[in-house]
Amino acid sequence: MGYFSLDIKKAKGTSDTTQSDHIERKIIPKNADPTRTHLNRMLVEYPDGVHGRDEAIAHRLNTAGIKRKITHDQVRVVRMVLSGTHEDMMNIQEKGKLDEWCSDSIQWLQATFGKDNVVAAHLHMDEKTPHIHAAVVPIVTGERRKAKKEQTDGKRKYRKKTNSVLLCADDLFNRQTLIAYHDNYARVMAKYGLQRGVRGSEARHTTTMQYYRDLKKKNETLETETRLLQEKKAEAQEELNR
């Protein structure tokens, strides 16, 4: 039984253009096979008049009804990568169940974070292992309880806020919720023979940056081995010439 991967990263700043260019293949990374890029596809349709992942993020922020000003250091989108161990994902594909896996994953995302908050999702088929890049705008609606700094009678005092629409990644993505997300997604993935990994595991989807680091390390090792072989060849040639 293999493992699924659910990689979650918060992204700050007014734009996530670099990531969007990678996901939408405006720039083809070296770890992608250009002959297979046409197999990539969108799994979430954009609203009318919205073109591209960046616009979809901005559209959600602008139309959600957020009253408070969004500061430059707030998390505007959460990047999520969903996949599994290579052998198991290839097995899912070979059995013709990849579309079903995609559908179940998108349904889980929308049920967990809200359909309107899942603003983009792309299936990548041109890298080693099939995987989904999803973009979640962390908007919450309802009464949020915010702790004041002072405490009263040994208990933390809370100030209730009125029902409102808030951009708050901390409410949706914290230690407790992340554990729950992995547990819940595990139940969805069980039908595909994928289970969650050990809690606290460092296993992650291989990012483009990590790919380049690994590639550089392999090239350096290859160059060293080539140099050593050339030196041995030269030494052997000298022995023959004596």
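Helices (H or I, at least four residues) and strands (E, at least two) are DSSP runs, numbered from the N terminus. The structure is a predicted model, in which local features need pLDDT of at least 70 and side-chain atom pairs count only at pLDDT 80 or more, whereas totals for chains, interfaces and linings use all residues. Residues are numbered from 1 along each chain as its sequence is written, and side-chain values use heavy atoms, with hydrogens and water left out.

S1 and S10 pair in the parallel sense over two bridges, and Gly 2 stands opposite Leu 194 in S10. In general, strands of a sheet pair through backbone hydrogen bonds, either parallel or antiparallel.

The nonpolar interior can be followed next. A nonpolar core is a set of buried Ala, Val, Leu, Ile, Met, Phe, Trp, Tyr and Cys residues joined through side-chain atoms within 4.5 Å, where buried means under 20% relative accessible area, exposed over 50%, and partly exposed in between (1.4 Å probe, protein chains only). The largest nonpolar core has 35 residues, of which Met 80, Trp 101, Leu 109 and Phe 113 touch the most other members. Elements that give two or more residues to this core include S1, strand S3 (75–84), helix H3 (86–94), H4, strand S4 (118–124) and helix H6 (175–189). The largest share, seven residues, comes from H4. Trp 101 touches, among others, Leu 82, Met 89, Ile 92, Leu 123, Ile 132, Tyr 185 and Leu 194, when residues up to four places away in sequence are not counted. A second, separate core of 16 residues includes Val 50, Ile 57, Ile 139 and Val 165.

What aromatic pairs does the structure hold? A search of the whole structure finds seven of them, on the rule that rings of Phe, Tyr and Trp (its six-membered ring) pair if their centres lie within 6.5 Å, with planes under 30 degrees apart counted as stacked, over 60 as edge-to-face and the rest as tilted. Phe 113 and Phe 173 form a stacked pair, at 5.3 Å centre to centre and 20 degrees between the planes. This pair links distant parts of the chain, with Phe 113 in helix H4 and Phe 173 in the loop between H5 and H6, 60 residues apart. Both Phe 113 and Phe 173 are buried. Phe 173 also forms an edge-to-face pair with Tyr 181, at 5.9 Å centre to centre and 70 degrees between the planes, and Tyr 181 counts as buried at 9% relative accessibility. Ring pairs link Phe 4, Trp 108, Phe 113, Phe 173, Tyr 181 and Tyr 185 into a cluster.

The charged side chains come last. A salt bridge is a side-chain nitrogen of Lys or Arg within 4 Å of a carboxyl oxygen of Asp or Glu, and by this rule the count comes to twelve salt bridges. Asp 16 and Arg 53 meet in one of them, at 3.0 Å from N to O. Asp 16 lies in the loop between strand S1 (2–12) and helix H1 (17–23) and Arg 53 in helix H2 (residues 53–63), so this pair ties together parts that are 37 residues apart in sequence. Asp 16 counts as buried at 8% relative accessibility, and Arg 53 is buried with a relative accessible area of 2%.

Arg 41 forms a salt bridge with Asp 99, the closest N and O atoms being 2.3 Å apart. Because Arg 41 lies in strand S2 (residues 41–42) and Asp 99 in helix H4 (residues 98–113), the pair ties together parts that are 58 residues apart in sequence. Arg 41 is partly exposed, at 32% relative accessible area, whereas Asp 99 is exposed, at 52%.

Conventions
Contact means heavy atoms within 4.5 Å. Two strands pair if DSSP finds at least two bridges between them.
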